[in-house]
Amino acid sequence: MERSLYRNDADFVATGGRRGRPNYRSVTIGILLAAAGIAALIAGVAIPQLLVGIAGFVLMFAGVLLALTPSKRLTPEDITSSTGSPRAAAHDSGGFIGRMNDRWERRQEGRE
């Protein structure tokens, strides 16, 4: 099944499902915006002002989106691993997932 995935969807395998590194500035600003949005939403409900409540909700929603959106910056490691072959990119991590992939391949080839 894994070999079929490598053959049929090399682009997906090359990315490895990795996301960019978190941009801590965006996360911090997003949390602050969400907190300000919650405060404005509560204020809009406390004083019957519909526009303040709507603005608070929009601000809160924008803050959460900003905090959860991954950064689009690529590290040099991401660039080199995406330019290689899909199989090499999947095993370059050297971590737990790389060891599990190697073990799976050895088992499928009958070496283990």
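How many helices and how many strands does the secondary structure of the chain come to? I'm working from a predicted model here. I get 7 helices and 0 strands. Going along the sequence, I noted the pattern as α-α-α-α-α-α-α.

**Whole chain**

I looked up burial next: of the 112 residues in the chain, 20% are buried.

**Helix H7**

I picked H7, which runs over residues 96-109 and has 14 residues. From first C-alpha to last I get 20 Å, close to the 20 Å expected at 1.5 Å a residue.

Which residues of H7 are buried? I found Gly98, Asn101 and Glu105. Looking down the axis of H7, I see these buried residues fall within an arc of 60°, so they line one face of the helix. A reminder to myself: an α-helix has 3.6 residues a turn, so residues three or four places apart point the same way.

After H7 comes Gly110, and I noted its positive phi, near 85°.

**Gln108**

I also looked at Gln108, which lies in helix H7. Is Gln108 buried, exposed or partly exposed? I have its relative accessible area at 41%, so I call Gln108 partly exposed.

Notes
Residues are numbered from 1 along each chain as its sequence is written. This is a predicted model: local features need pLDDT of at least 70, side-chain atom pairs count only at pLDDT 80 or more; totals for chains, interfaces and linings use all residues. Side-chain values use heavy atoms; hydrogens and water are left out. Helices (H or I, at least four residues) and strands (E, at least two) are DSSP runs, numbered from the N terminus. The expected span of a helix is 1.5 Å times one less than its number of residues. Buried means under 20% relative accessible area, exposed over 50%, partly exposed in between (1.4 Å probe, protein chains only). The arc is that of the directions from the helix axis to the C-beta atoms.
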